[in-house]
Amino acid sequence: VQKLIGYPQIARDAGIEGSVVLRVLVDEKGRYNKHKVLNQVHPILAKAVESKITQLRFTPAIQGGKPIKFWVNIPFNFKLLN
């Protein structure tokens, strides 16, 4: 997932690092439905995550032997390497 999102060059140049946490609603087939940003250190990093989140696939939650919609919190960490 991190490779898909990458590290925005403008954030890298500005030395911006930290976490973005999204709350994602996953449907019964494990597909992205919608999301909310719960926490962000900078809008540039949040925008990078939001631009790719729809491409993620998940294992659906199971309740009573049947797949159900569910919310999951996902942290995305951005750390510059020296």
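Reader: Leaving aside its neighbours within four places in sequence, which residues is K52 in contact with?
Author: In this predicted model, K52 belongs to helix α3, and the C-alpha atoms of K52 and R23, which are 29 residues apart along the chain, are separated by 14 Å. Once the neighbours within four places in sequence are set aside, the residues in contact with K52 are L4 and I5.

Reader: Is K52 buried, partly exposed or exposed?
Author: Burial requires a relative accessible area under 20%, and exposure one over 50%. The relative accessible area of K52 is 26%, which lies between those limits, and K52 is therefore partly exposed.

Reader: Which residues of α3 are buried, and within what arc do they fall?
Author: The buried residues of α3 are L45, A46, A48 and V49. They line one face of the helix, because, in a view down the axis of α3, they fall within an arc of 160°.

Reader: Which exposed residues does the face of α3 turned away from its buried side carry?
Author: The buried residues of α3 pack against α1 (2–5) and α2 (9–14), as well as against the strands β1, β2 and β5. On the face turned away from that buried side, the helix carries the exposed residues P43 and K47.

Reader: In the largest nonpolar core, which residues touch the most other members?
Author: This core has 21 residues, and the elements that contribute two or more residues to it are β1 (18–26), α3 (43–52) and β5 (70–78). One of the residues in question, V24, touches Y32, K34, H35, I53, F58, F70, W71, V72 and I74 when residues up to four places away in sequence are not counted. Those that touch the most other members of the core are V24, F76 and F78.

Reader: Which residue in the turn of the β1 and β2 hairpin has a positive phi?
Author: The two strands of this hairpin have five residues between them. Within the turn, a positive phi of about 85° is found at G30.

Reader: Is D27 buried or exposed, and how far does the backbone nitrogen of K29 lie from a polar atom of its side chain?
Author: D27 sits in the loop between β1 and β2 (32–40), and its relative accessibility of 8% is why it counts as buried. Beyond four places in sequence, D27 touches N33, P60, I68 and K69. A polar atom of the D27 side chain and the backbone nitrogen of K29 are separated by 2.8 Å.

Reader: In what order do the elements of the protein chain run from the N terminus on?
Author: The protein chain contains three helices and five strands, and its C-alpha trace spans about 50 × 20 × 20 Å along the principal axes. Of its 82 residues, 32% are buried, and among contacts with a separation of 6 or more, 69% come from residues 24 or more positions apart. From the N terminus on, the order of the elements is α-α-β-β-α-β-β-β.

Notes:
Residues are numbered from 1 along each chain as its sequence is written. This is a predicted model: local features need pLDDT of at least 70, side-chain atom pairs count only at pLDDT 80 or more; totals for chains, interfaces and linings use all residues. Side-chain values use heavy atoms; hydrogens and water are left out. A nonpolar core is a set of buried Ala, Val, Leu, Ile, Met, Phe, Trp, Tyr and Cys residues joined through side-chain atoms within 4.5 Å. Buried means under 20% relative accessible area, exposed over 50%, partly exposed in between (1.4 Å probe, protein chains only). Helices (H or I, at least four residues) and strands (E, at least two) are DSSP runs, numbered from the N terminus. Contact means heavy atoms within 4.5 Å. A polar contact is a pair of N or O atoms within 3.5 Å; within protein, one must be able to donate a hydrogen and the other to accept it, and residues adjacent in sequence count only if both atoms are side-chain atoms. Two strands pair if DSSP finds at least two bridges between them. The arc is that of the directions from the helix axis to the C-beta atoms.
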